[in-house]
Amino acid sequence: MGYGLLAGAIAAEILATTSMKYSDGFSRLWPSLVTGVGYLIAFALLAQALKTLQVGTAYAIWSGVGTAAVAAIGVLFLGETLGLAKVAGILLIVAGVAVLNLGGAH
């Protein structure tokens with residue numbers, strides 16, 4: 001159940017972060033509202049997930065998957081560039097999450 005809640009938290013955080021891009025500095029109402037509500041849902045679900053998951057593991061997965069997904073959304077849908085440094089950074093984040101999980105963090 002904890003990982004399901006964590007997946008929901010990640011999805012809400014990705015939606016909120018992507019909506020923030022469209023909020024134009026919080027000057028557009030609907031994207032701004034989606035950003036705020038998305039982050040509220042993300043933190044509420046993360047808090048629930050932490051009832052059964054260790055904080056280090058949950059936060060590493062939440063931030064790592066969220067960062068990688070938002071970077072991919074930026075490249076695929078927002079016209080951002082994908083350079084070697086960005087690919088390396090994403091791979092290092094994913095590797096760090098994997099090492100935490102393999103190292104007995106849960």
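Reader: Is L29 buried or exposed?

Author: L29 is exposed, with a relative accessible area of 54%. Buried means under 20% relative accessible area, exposed over 50%, and partly exposed in between, with a 1.4 Å probe and protein chains only. This is a predicted model, where local features need pLDDT of at least 70 and side-chain atom pairs count only at pLDDT 80 or more, while totals for chains, interfaces and linings use all residues. Residues are numbered from 1 along each chain as its sequence is written, and side-chain values use heavy atoms, with hydrogens and water left out.

Reader: Which element is L29 found in?

Author: Helix 2, residues 29-49. Helices here are DSSP runs of H or I with at least four residues, and strands are runs of E with at least two, numbered from the N terminus.

Reader: Back up a bit. How many helices and strands are there?

Author: Four helices and zero strands. Buried residues make up 32% of the 106 in the chain.

Reader: How do helix 3 and helix 4 cross?

Author: The axes of helix 3 (residues 55-77) and helix 4 (residues 84-102) come within 9 Å and cross at roughly 160 degrees. Helix 3 and helix 4 are therefore roughly antiparallel to each other. Axes are lines fitted to C-alpha atoms, for helices over the stretch in contact, and angles run from 0 to 180 degrees between N-to-C directions. Under 35 degrees counts as roughly parallel, over 145 as roughly antiparallel, 65 to 115 as roughly perpendicular, and the rest as oblique.

Reader: What is found in the loop between helix 3 and helix 4?

Author: G83, for one. G83 is partly exposed, at 33% relative accessible area. From G83 to Q48 is 35 residues in sequence and 36 Å in space, C-alpha to C-alpha.

Reader: Next topic. How many salt bridges does the structure hold?

Author: One. The side chains of K86 and E80 meet in a salt bridge at 3.6 Å, N to O. The term covers a side-chain nitrogen of Lys or Arg within 4 Å of a carboxyl oxygen of Asp or Glu.

Reader: And how exposed is K86?

Author: K86 is partly exposed, at 30%, and E80 is partly exposed, at 35%.
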